[in-house]
Amino acid sequence: MLGGDFQLIKQGAEAKIYKGLYIGKSTLVKERFKKSYRHVELDEHLTKERIRAETRSIMKCKVAGISTPALYLVDIVRRCIYMEYIENSITVKDYIASLTDENSEEKSTKKKLDHVAQEIGKTLGKMHANNIIHGDLTTSNMLLVDKGDVKVLVMIDFGLSHGDASAMNKGVDLYVLERAILSTHANVESLFPAIIKFYIKANKDSAEVMKKLEEVRARGRKRTMVG
């Protein structure tokens, strides 16, 4: 457990998230806790590998011009990653929910959804072009940040990420997002196709990824029919 002014704000299956101040800046700390059901040495090895993979993906994104939280400190011994807390942000999930409120104007809503789709598609296309697999693409793991008149997309939660040039794994990454959108934003049917349109523009190798996405979809439909 972190001491000082850090407060626990979220706990998932793999980690606890704390918020507080570090070097005078608003900071999130992701602490991967020990898994008692695992052998101690195996748990330590897996945790180190996941922390290294996560920080490596964030750094690769930075180099590629993809917005992510800044890294302040990586403490392997304490199983912690200290990173920037993104101010003035909203998850894409909550933003879309606010847009699709029954009181929203249809024309304005479409324009804003198109912008979100463009931001997501361009970002994911760039990530995959740089062989970065997110591993957990959902609209909860994307933030929109106010930058004057526009909202900028920031990718977060790279806990399952890794580097991979495989078109299949990129297709799976997109399929995970598609399923998440269908379950969370079922009333916005045009969102994923719009994302794919901008993804294709941003990734010159997208044709092969699209083929693999169709293969993954077919397997998913088959599993659904079989039960």
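**Close-up views of a predicted model**

View 1. Two strands count as paired if DSSP finds at least two bridges between them. Helices (H or I, at least four residues) and strands (E, at least two) are DSSP runs, numbered from the N terminus. Look for Ser89, which sits opposite Val145 in β8. The open sheet has 3 strands in the order β6-β8-β9, with antiparallel pairing. Because β6 (89–91) and β9 (150–155) are the edge strands, each with a single partner strand, one side of each has no neighbour in the sheet. From one strand to the next, the twist averages 30°; axes are lines fitted to C-alpha atoms, for helices over the stretch in contact, and angles run from 0 to 180 degrees between N-to-C directions.

**View 2. Helix α3 lies across the sheet strands β8 and β9.** Helix α3 covers residues 106–129 and runs at about 35° to β9.

**View 3. Helix α2 has buried residues on one side.** Which residues of helix α2 (residues 92–99) are buried? They are Val92, Tyr95, Ile96 and Leu99, where buried means under 20% relative accessible area (1.4 Å probe, protein chains only). These residues cover an arc of only 95° around the axis, so they lie on the same side of α2; the arc is that of the directions from the helix axis to the C-beta atoms. The buried residues of α2 pack against β6, α3, β8, β9 and α5 (191–202), with contact meaning heavy atoms within 4.5 Å.

**View 4. Strands β4 and β5 form a hairpin.** Here β4 (residues 71–75) and β5 (residues 80–84) pair in the antiparallel sense over 4 bridges. Val74 has Ile81 in β5 as its bridge partner. Between the strands of this hairpin are 4 residues, and Arg79 takes a positive phi near 60°.

**View 5. Helices α4 and α5 cross.** The axes of α4 (residues 167–184) and α5 come within 10 Å and cross at roughly 150°. That makes α4 roughly antiparallel to α5, a label for angles over 145 degrees. Among the residues that meet are Leu174 and Leu177 in α4, and Phe192 and Ile195 in α5.

**Notes.** Residues are numbered from 1 along each chain as its sequence is written. In this predicted model, local features need pLDDT of at least 70, side-chain atom pairs count only at pLDDT 80 or more, and totals for chains, interfaces and linings use all residues, while side-chain values use heavy atoms, leaving out hydrogens and water.

Conventions:
Buried means under 20% relative accessible area, exposed over 50%, partly exposed in between (1.4 Å probe, protein chains only). Angles under 35 degrees count as roughly parallel, over 145 as roughly antiparallel, 65 to 115 as roughly perpendicular and the rest as oblique.
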